[in-house]
Amino acid sequence: MASATPSDTDALPNGPLGEDAVHVCVDMQNLFYRETAWHTPWMGRVLPRVFHLAAAVPERTLFTRFVPARHPGEGRGCWKRYWERWAEMTVERLGEEMVALVPELAALAPPGAVVDKTVYSPWLEPGLEHALAERRAGTLVITGGETDVCVLATVLGAVDRGYRIVLATDAVCSSSDETHDAMMTLYRQRFGQQLEVATADQILRNWTVSQLPQR
């Protein structure tokens, strides 16, 4: 059914979301959710809002997953050093289960789709752009973690490709409060022409779900 009609003060700066909108949920995975060296303490706090948004439009949701190197020291250049430093976070040490989406979101895929990547940006491998092209996406609603790393890389790539971008301010998270706050300031002050910010509920009130194409 359609979302409630937004008030003038609740409207998005560039108008309501239409049939070309896709929710890109960034790296909401067990390796960040559980007690690992990369634990993001308040991922659990934003998860209900991420789930609420994804569950409203599961067929228009893409879940990215950051897939670590399989063995310590894999990769080239800085990534080789990175995986030497974070040997405990390789698939060999963690196990495949930790790469998976958190269970609540994994239950939505399918009908949602999963796009894997091996670096911060999801744009350097073809999976995301292929999935967006299949859905004829022109607008991206972005949630997930981390605000100052993989969400940032996702946003910047989307800006460069000309997408309309709406960032769900209460559905992104980081392991660092300081840099999360700094990034939210950056998003608002430096990308005002290319990025809209809104709460997850505000986004849903501006997204007419009943008009989305059925797959």
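At 33% relative accessibility, Ala55 counts as partly exposed; buried means under 20% relative accessible area, exposed over 50%, and partly exposed in between, with a 1.4 Å probe and protein chains only. Ala55 lies in helix H2. Helices (H or I, at least four residues) and strands (E, at least two) are DSSP runs, numbered from the N terminus. Along the chain, Ala55 and Ala107 are 52 residues apart. Their C-alpha atoms are separated by 9.6 Å.

The model is predicted; local features need pLDDT of at least 70, side-chain atom pairs count only at pLDDT 80 or more, and totals for chains, interfaces and linings use all residues. Residues are numbered from 1 along each chain as its sequence is written, and side-chain values use heavy atoms, with hydrogens and water left out.

An unreviewed UniProt entry places the feature "domain: Isochorismatase-like" at residues 22-197. UniProt positions are given in the numbering used here, feature names are shortened, and annotations may be inferred rather than shown by experiment.

Aromatic contacts come next. A pair of aromatic rings is described by the distance of the centres and the angle of the planes. Rings of Phe, Tyr and Trp (its six-membered ring) pair if their centres lie within 6.5 Å; planes under 30 degrees apart count as stacked, over 60 as edge-to-face and the rest as tilted. By this rule the count comes to 14 aromatic pairs. One of them is tilted: Trp38 and Trp83, 5.8 Å centre to centre, with 50 degrees between the planes. Trp38 lies in the loop between helix H1 (30-33) and helix H2 (43-56), and Trp83 in helix H3 (residues 78-85), so the pair ties together parts that are 45 residues apart in sequence. Trp38 counts as buried, at 10% relative accessibility. Trp83 also counts as buried, at 3%.

Trp79 and Tyr120 form an edge-to-face pair, at 5.2 Å centre to centre and 65 degrees between the planes. Trp79 lies in helix H3 and Tyr120 in the loop between strand S3 (113-117) and helix H6 (127-134), so this pair ties together parts that are 41 residues apart in sequence. Tyr120 is partly exposed, at 31% relative accessibility. Ring pairs link these residues into a cluster with others, including Phe32, Phe66, Tyr82 and Trp86. The charged end of Arg85 sits over the ring of Trp86, 3.8 Å from its centre. A charge sits over a ring if NZ of Lys or CZ of Arg is within 6 Å of the ring centre and within 35 degrees of the ring normal.

A salt bridge is a side-chain nitrogen of Lys or Arg within 4 Å of a carboxyl oxygen of Asp or Glu. The count comes to 11 salt bridges. In one of them, the side chains of Asp27 and Lys117 meet at 3.0 Å, N to O. Asp27 is in the loop between strand S1 (21-26) and H1, and Lys117 is in strand S3, 90 residues apart. Both residues, Asp27 and Lys117, are buried.

Arg65 forms a salt bridge with Asp116, the closest N and O atoms being 2.7 Å apart. Arg65 is in strand S2 (residues 61-66) and Asp116 in strand S3, 51 residues apart. Asp116 is partly exposed, at 36% relative accessibility. The side chains of Glu129 and Arg161 meet in a salt bridge at 3.3 Å, N to O. Glu129 is in helix H6, and Arg161 is in the loop between helix H7 (150-160) and strand S5 (164-173), 32 residues apart. Glu129 is partly exposed, with a relative accessible area of 32%. Arg161 is partly exposed too, with 36%.

Strand S5 is mostly covered: nine of its 10 residues are buried. Strand S4 (residues 139-145) runs parallel to S5, and six bridges join them. Two strands pair if DSSP finds at least two bridges between them. Gly145 has Cys173 as its bridge partner in S5.

The structure holds zero disulfides; a disulfide is a pair of cysteine sulfur atoms within 2.5 Å. The sulfur of Cys150 is 11 Å from the closest cysteine sulfur, in Cys173, too far for a bond. Cys150 is buried, at 6% relative accessibility.
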